[in-house]
Amino acid sequence: MKAIEIEGLSFQYRNQEAGYALEDVSLNVEEGEFLGIVGETGAGKTTLLSAMSGVIPHHTNGEKEGVVHVKGKPVEEYASLYEMAVDVSLVLDSPENQLFNLHVFDEIIWGPENLGLDREEILDRGNRALELFGLEGFEDRITYNLSGGEKQKVAIASIYALNPDIVLLDEPTSQLDPIGTEMVFEAIDKLIEEGVTIVMVEHKIEEMAKYADRIAVLQDGSLRRVDETCSFFLEGDAHGIAPPQV
Ligand code: ATP
């Protein structure tokens, strides 16, 4: 079974002035793979992640055509975004939009607590996430006081604690300096080790290409190409060919 299957997806926001945010996009994400998505501003990257995470259609109105299946199930068949988050969870570009300024440990177990798991399982998931992302010693820090990279690491740990099969990341390094960016890619590397399926929108293409299995290029809402090796995007490996304009 594919992690995500998209067939003929078009989407126009209800209040969108002209054209489509996505036009006839067909794309599969294999279980356990890391698919990168790149493209210019307005190319439709966030809209595509919204369709994969269920934000479209559950929270955003517009004209949709085509189908999106997550783990073999049409996204419309999920009762809510909350129910979907157990299968597919989204990390936002800004950790401030995702975190509640709680203590780090409370931040991480907020999701499992709201899933109604028993206390032992909640603490177990929290401790596993702390350990996996090297956050031991941070438990009692308030997230507000952490660096940008540390905050994003906590945001990723809090998503991991939901135990989703698929994690979507929408430009998680966009507000970070090089050190913070490295922290985020290290955290993503941990997700890869855990066998999580990853779809990531990112402008720092060379960094992402070191980890991604494939990179999809969106342009004006359409899928232009999918690079199977990522070599095209890796520094020094383009054999003098300019990378596609993204
Ligand atoms: P960026 O790199 O700037 O985040 P993007 O590739 O993620 O861009 P989207 O945010 O998916 O692009 O936007 C695709 C198109 O849909 C753009 O033309 C945008 O103006 C439009 N759009 C996005 N969100 C909405 C909305 N809520 N209402 C109306 N139009 C929207």
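In helix α6, the buried residues are G149, E150, K151, Q152, K153, V154, A155, I156, A157, S158, I159 and Y160. The structure described here is a predicted model. Since 12 of the 13 residues of α6 are buried, this helix is largely enclosed by the rest of the structure. The cover over its buried residues includes the strands β6 (88-91) and β7 (166-170) together with the helices α4, α5 (119-132) and α7 (178-193). The length of α6 also fits expectation, because at 1.5 Å a residue its 13 residues should span 18 Å, and its end C-alpha atoms are 18 Å apart.

One of the residues of this helix, K151, is in contact with P95, E96, L99, T143, Y144 and L146, when neighbours within four places in sequence are left aside.

The largest nonpolar core has 42 residues, and those with the most contacts inside it are I108 and F133. Helix α6, which covers residues 148-160, supplies the largest share of this core, namely six residues. A second, separate core of 29 residues includes L35, I56, V70 and M84. In soluble globular proteins, nonpolar side chains tend to be buried together. What does F133 touch, not counting residues up to four places away in sequence? The residues that F133 touches in this sense are K153, I156, A157, Y160, A187, K190 and L191.

Helix α4, which covers residues 104-114, contains W110, and E113 lies in helix α4 as well. Leaving aside neighbours within four places in sequence, E113 is in contact with R119 and I122. The C-alpha atoms of E113 and L162 are separated by 9.4 Å, although these residues are 49 residues apart along the chain.

| Residue | Relative accessibility | Class |
|---|---|---|
| W110 | 35% | partly exposed |
| E113 | 35% | partly exposed |
| K151 | 12% | buried |

Is K151 buried or exposed? At 12% relative accessibility, K151 falls under the 20% cut-off for buried residues, and therefore K151 counts as buried. W110, by contrast, counts as partly exposed because its relative accessibility is 35%, and for E113 the value of 35% likewise means that this residue counts as partly exposed.

Methods: Residues numbered from 1 in each chain as written. Predicted model: local features only at pLDDT ≥ 70, side-chain atom pairs only at ≥ 80, totals over all residues. Heavy atoms only, no water. Helix = DSSP H or I, 4+ residues; strand = E, 2+ residues; numbered from the N terminus. Buried < 20%, exposed > 50% of the residue type's maximum accessible area, 1.4 Å probe, protein only. Core = buried A, V, L, I, M, F, W, Y, C linked by side-chain atoms within 4.5 Å. Contact = heavy atoms within 4.5 Å. Expected span 1.5 Å × (residues − 1).
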